[in-house]
Amino acid sequence: MKKLWQHCHAATMAGGKYSIIEDAAIVTDGARIEWIGPRAAAPDMGEGERVDLAGAWVTPGLIDCHTHLVFGGDRSGEFEERLEGVSYAEIAARGGGIASTVRATREASEDALFAAAKARALGLMREGVTALEVKSGYGLDLANERKMLTVARRLGEALPLTVRATCLAAHALPPEYANRADDYIGYICDEMLPALAGDGLVDAVDAFCEHIAFSTQQVERVFRRARELGVPVKLHAEQLSSLHGSSLAARYRALSADHLEYMTEDDAIAMAQSGTVAVLLPGAFYMLRETQLPPVDALRRHGVPIALASDLNPGTSPVLSLRMMLNMGCTLFRLTPEESLAGVTMHAAKALGLQATHGSLEAGKAADFVAWTIARPAELSYWLGGAPPNRVVRGGAEIDFGRIDR
């Protein structure tokens, strides 16, 4: 059924800018936007439904393009210990750190992982998130990576939410492969990726390229296998040191390279030439008390699209608010409010390969949008905590959170 959504202003984010339409109207036909423009020019709706948005500002649905939403347990105890002076090395030596999350994830049932992930996803959705990515990477064997990715698929089926599933098996070395990183990469390439892709569980393949994780040579083996399987790639790169993983990602035309605190100007040039999106993760930067800022000026200078994401994970970024990342993107990384909003709409969509259908309010795209009770779009980056009153529309239908919770 067609609907006319009116009495609103629209920040369409077309082209990665606010691209404002004052006194706007939106015509949706089912799950797609049929028309958007000034209300005075709206097409005749006949008997179609009319929805009064009461003067709200409408933006595209927010997109969280980097999360580790599915995991077992939490690491709040380790957080407390670190603040009391226990080093991460000490915690890791006794089986803590990522090893503890791997253990908890392996021990959890699929249903338990789903219930916990659903609660986190609903929190993001209430703040206007209509699409997100879920990475695996806490299973680190075929059965448990499959379990995590299956949960990601279930979330997309159970909730009014677009979910992209990314295989991050090359996240860390599992205990059974201690000191045998090359063998583990072989296991990923020869067994895990073909099986998981064959199951239809993988929309992209990711890896962690860092001195504490995997080398550029090992990552390239994963990328070559993903290419053979016809699956796009992404990369955690340059978070703690400069290994030029972002340039490697660019050579494989990766959807995105993420973190990027230690990337160089040459890396930025390579990413610009390949169209690879830079995904900045201020939550992890904040939690780890980092001081090396990502080179935002170089990214701007070379025209690299800049996205923002929560990096929701139990260790380094226990972030349950994508909107908080808008503020942190501005305050920590010196982005403008317009850049931050583009980072969770247009550019985030591109980081997931969804730019043709999501990320801006344009005819032919998904009817995913949020009507905010705010005076101007910059308020979305301005307020710390507390979601401004909003109405979330996904696929042309307003989400009834009360019904979902029942």
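Visitor: What is the strand order of the open sheet?
Guide: In this predicted model, the seven strands of the open sheet run β3-β2-β1-β4-β13-β14-β15, and the pairing is mixed. Strands are DSSP runs of E with at least two residues, numbered from the N terminus, and two of them pair if DSSP finds at least two bridges between them.

Visitor: Which are the edge strands?
Guide: They are β3 (32–38) and β15 (397–398), each of which pairs on one side only.

Visitor: In which sense do β4 and β13 pair?
Guide: Strand β4 (residues 49–60) and strand β13 (residues 369–372) are antiparallel, with four bridges. Pro60 has Phe369 in β13 as its bridge partner.

Visitor: Turning to cavities, how many are there of 30 Å³ or more?
Guide: The count is two. A cavity is a set of points, on a 1 Å grid over the protein atoms alone, where a 1.4 Å probe fits but cannot get out. Grid points are joined across faces, edges and corners, and the volume is the space filled by probe spheres set on the points.

Visitor: Which residues line the largest cavity?
Guide: Its lining, meaning residues with an atom within 4 Å of a point, consists of Glu133, Arg164, Thr166, Asp203, Ala204, Lys234, Leu255 and Leu352. The largest cavity holds about 50 Å³ of space.

Visitor: And what lines the second largest cavity?
Guide: Pro60 does, the bridge partner of Phe369, and the lining also includes Gly61, Ile63, His358 and Asp368. This second largest cavity holds about 40 Å³.

Visitor: What conventions apply here?
Guide: Residues are numbered from 1 along each chain as its sequence is written. Local features need pLDDT of at least 70, side-chain atom pairs count only at pLDDT 80 or more, totals for chains, interfaces and linings use all residues, and side-chain values use heavy atoms, with hydrogens and water left out.

Notes
1 Å grid on protein atoms, 1.4 Å probe; cavity = no way out; pocket = protein on both sides within 12 Å on 5 of 7 lines; lining within 4 Å.
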